[in-house]
Amino acid sequence: MIQAAIFDMDGLLVDSEPFWQDAQIAIFGELGINVTREDTIATTGIRIDQIVRHYYNTRGWEGPSCDDVCERITLKVIELVSEHKPMMPGVMHALNLCKQANLRIALASSSPMRLIQATLDALDLSSWFEQCHSAEHLKYGKPHPEVYLNAAESLGIDPQRCVAFEDSFAGLMAAKSAQMKAIVVPEAHVAGQERWVISDLKLTSLNELTIDHLIK
């Protein structure tokens, strides 16, 4: 029986993926690194320090450190989220259903904790989550399952009794590797890809979620 719901954040609760894309394109561009929109889409769900390190190792630049570049990108995303507050459709519907089903609720994100806190504050969602976990300081981010396992452990609930909500394939792999039920809400332009078949359920919006989806 499902006892907890664990949510991803970027692209699922908040429409921040375009902000991550814009920030990467702009900051890498300042360093003379040509990063395309398609490049940023391909790394959706991957921790930002891993993305920055990848470009440093493969293309390189002079000047700021990888940590400095991560900082600049993260600050830009925080600024954009705080300004625009772009909550995804169906978020409140999904959270209310989880409460109705008496599920514990946590968050497991690849984003830095300060971005998690800034986003939840901007969207007035902080009170909904008992626990919030970031993969920021873990050895591996998603698709490694550790951040999901940590979230389940903090709730005191077996991962197999958790349902994870994701929008990215990296996140989906993390949830399934943690042996959780996984519900995905991928972006429309990638939703038709066959790889989502490993999920337990694919939705076009959190507004489609039902109580039966949660407890069965």
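User: Hi! How far apart are the centres of domain 1 and domain 2?
Analyst: Hello! Taken over C-alpha atoms, the two centres are separated by 23 Å. This is a predicted model, where local features need pLDDT of at least 70, side-chain atom pairs count only at pLDDT 80 or more, and totals for chains, interfaces and linings use all residues. Residues are numbered from 1 along each chain as its sequence is written, and side-chain values use heavy atoms, with hydrogens and water left out.

User: Which residues belong to each domain?
Analyst: Domain 1 covers 4–14 + 86–213, and domain 2 covers 16–84. Those bounds come from an automatic or database domain assignment.

User: And how many residues make the contact?
Analyst: Domain 1 gives 24 residues and domain 2 gives 18 residues, where contact means heavy atoms within 4.5 Å.

User: What area do they bury between them?
Analyst: About 1,700 Å², with 57% of it on carbon and sulfur atoms. Buried area is the accessible area (1.4 Å probe) that two parts lose on being put together, summed over both. On the domain 1 side, Pro86, Arg114 and Leu115 supply 30% of the area buried against domain 2, more than any other three residues.

User: Switching topic: how many salt bridges link domain 1 and domain 2?
Analyst: The count is 1 salt bridge, meaning a side-chain nitrogen of Lys or Arg within 4 Å of a carboxyl oxygen of Asp or Glu.

User: Where is there a salt bridge with arginine 114?
Analyst: The side chain of arginine 114 meets that of glutamate 71, at 2.3 Å from N to O.
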